[in-house]
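User: I've got a model open here and would like to talk through it. Can you walk me through the main points?

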Amino acid sequence: MVQALLGRLFQNSAKSQGQQEQAARALESDQSVILQFTRQKCSLCSAVRKEVEQVPQAHQVAVVTLDVDDINWLPEVTYYDIQQVPSFVLLNSRGKALCKSAPPKDKDSVMRSLASILARTERSV
């Protein structure tokens, strides 16, 4: 699954070069990766965007954003059983999913789920 994700990151021209390189470096090193599943027209996704963008600078983790409306990410949406957005999945350095965020209710619940995932990354370092 991780190699397929990397392949799609590099094939999908809509993804920035920086995001592709960050994800590849993270998955090839001992760094964890958080997959953020989002949707462009999601107001809750927009509400947490700034906080999520600050995560890589504050923690030893890469964040890869996947738009659930982009058919390129359908395998990940299906594999990780993404029912609602925003959702987060924590991958360890070997690409194994360690945990998934709780279903989002409001901005506070999303931020609590993200904080719980980030705490898990710090315990696993």
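User: What is the mean pLDDT of the protein chain, and what share of its residues reach 70 or more?
Analyst: This is a predicted model, where local features need pLDDT of at least 70, side-chain atom pairs count only at pLDDT 80 or more, and totals for chains, interfaces and linings use all residues. Residues are numbered from 1 along each chain as its sequence is written, and side-chain values use heavy atoms, with hydrogens and water left out. pLDDT is the predictor's confidence in each residue, from 0 to 100. For the protein chain the mean is 83, and the share of residues at 70 or more is 75%.

User: What is the strand order in the open sheet?
Analyst: Strands pair if DSSP finds at least two bridges between them. β2 (61–67) and β4 (97–100) are the edge strands, each pairing on one side only. The sheet has 4 strands with mixed pairing, in the order β2-β1-β3-β4.

User: Which residue in β2 is the bridge partner of Gln36?
Analyst: β1 (residues 32–38) and β2 pair in the parallel sense, over 7 bridges. Within β2, the partner of Gln36 is Thr65.

User: At about what angle does helix α3 run to β2?
Analyst: Axes are lines fitted to C-alpha atoms, for helices over the stretch in contact (heavy atoms within 4.5 Å). Angles run from 0 to 180 degrees between N-to-C directions. Helix α3 (residues 43–58) lies across β1, β2 and β3 (87–91), and its angle to β2 is about 150°.

User: How are the planes of Phe37 and Tyr80 arranged in their aromatic pair?
Analyst: Rings of Phe, Tyr and Trp (its six-membered ring) pair if their centres lie within 6.5 Å; planes under 30 degrees apart count as stacked, over 60 as edge-to-face and the rest as tilted. Phe37 is in strand β1 and Tyr80 in the loop between α4 (74–79) and β3, 43 residues apart. Their rings are 6.3 Å centre to centre with 55° between the planes, and the pair is tilted.

User: Why does the pair of Tyr79 and Tyr80 count as edge-to-face?
Analyst: The ring centres of Tyr79 and Tyr80 are 4.9 Å apart. The pair is edge-to-face because the planes are at 85°.

User: Is Tyr79 buried or exposed?
Analyst: Buried means under 20% relative accessible area, exposed over 50%, partly exposed in between (1.4 Å probe, protein chains only). Tyr80, at 9%, counts as buried. Tyr79 has 55% relative accessibility, so it counts as exposed.

Conventions. Helices (H or I, at least four residues) and strands (E, at least two) are DSSP runs, numbered from the N terminus.
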